[in-house]
Amino acid sequence: MCGAAPWRVVDSATLASGECRPIVTGAMLPPGAIAVLRSEHASIARHGDAKWVTTTPSARPDEPRDGEHVRLAGTEAMTGDVLITAGTVLNPAHIALAASAGHDEVAVSVRPRVRLVLTGDEVVSVGIPASGRVRDSFGPVLPSLIAQLGGFVSDAIHLGDSLPGMIDSLSTDPAGHEVIVTTGSTGSSSADHLRDALHALGATMLIDGIRMRPGGPSLLARLADGRFVVGLPGNPLAAILALLTIGEPLLAGMTGAAAPSIHRVAVGAELSGRASTSLLIPYRLEDGLAVATGWLGSTMMRGLADSVGVLVCPPEGVVAGADTDAFPLPWAAPL
């Protein structure tokens, strides 16, 4: 409607003062209209050949105010606004937003498909392991952790400690996974065959060991066909920290996601360093200060389970109260 009540109902393309025209919700307003009166607050009366609209007793005295129930163009976004930034993990609201802006298709990066190759003659996957055996903790945790990091585990195999088996597991991949994550076999003993298998397949070694503990023997390689191999140590804590160090940035780069965040945190107690290497130390917060959790052995998960992040202790160590680099754990609440 235009102007003050009463309003004469017209069927013209434009409205003059004292005129109104019925429209449905979401329709374009005719030129000249300055507000919308909801039908439940409108009273229509006929006088001669004309219909006139006034407000009902249930309406506000000033209803409708200028601009009421009118959605102006550009209220939510203007031409040229960035609505969804590259690297965003799409949720249903993003999809609706893209559609409302007129996009029939959106270019996306798919989650890289990941194959797990879990090694070890001594590994058992159910129950309490007998003497000389160890329980597989990778099979249950890696699919969910890799999903948090942006990948998708669609295949997992268990291998004994043999070079032919390792070569076959890396070369025979009908599904064509983009990434292969192996556990164990990254050392230099007679039971460790990953490096020899990569050499036999002509792989390019991108990272061959890291000056960090735990997780130092980790590696990253690229096979001749372009698939990546992330080699994790066989000890659980070492493997998880290696996956966060190598695997998370790799998956982020493949999907266009933001790089893993690094922040500074003050430590509550002195951290002793180790010459020529960095120490990765799971920590919890006490009174706003980072405190190393217990059970920091490379085989242990207990300390990591109660941690909010990982401290990076340089070789020279960190004095109490000083800051050091840290990174969050994917499952912990943001700090």
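Buried residues are those under 20% relative accessible area, exposed residues are over 50%, and partly exposed residues lie in between (1.4 Å probe, protein chains only). The model is predicted, so local features need pLDDT of at least 70 and side-chain atom pairs count only at pLDDT 80 or more, while totals for chains, interfaces and linings use all residues. Residues are numbered from 1 along each chain as its sequence is written, and side-chain values use heavy atoms, with hydrogens and water left out.

Helices (H or I, at least four residues) and strands (E, at least two) are DSSP runs, numbered from the N terminus. Helix α2 spans residues 138-148. Its buried residues are Phe138, Leu142, Leu145 and Ile146. Seen down the axis of α2, they fall within an arc of 100 degrees, so they line one face of the helix. The arc is taken from the directions from the helix axis to the C-beta atoms. Their cover includes β5, β8, β9 and α5 (236-255). Gly150 follows α2 and has a positive phi, near 110 degrees.

Strand β5 (residues 113-119) is mostly covered, with 6 of its 7 residues buried. Strands pair if DSSP finds at least two bridges between them. β5 runs parallel to β8 (residues 152-159) over 7 bridges. It is also parallel to β9 (residues 179-183), through 5 bridges. Arg115 stands opposite Asp155 in β8. In β9, Arg115 has Ile180 as its bridge partner.

Ala42 lies in strand β3 (residues 42-47). Ala42 is partly exposed, at 25% relative accessible area. Beyond four places in sequence, Ala42 contacts (heavy atoms within 4.5 Å) Leu37, Val53, Thr54 and Thr56.
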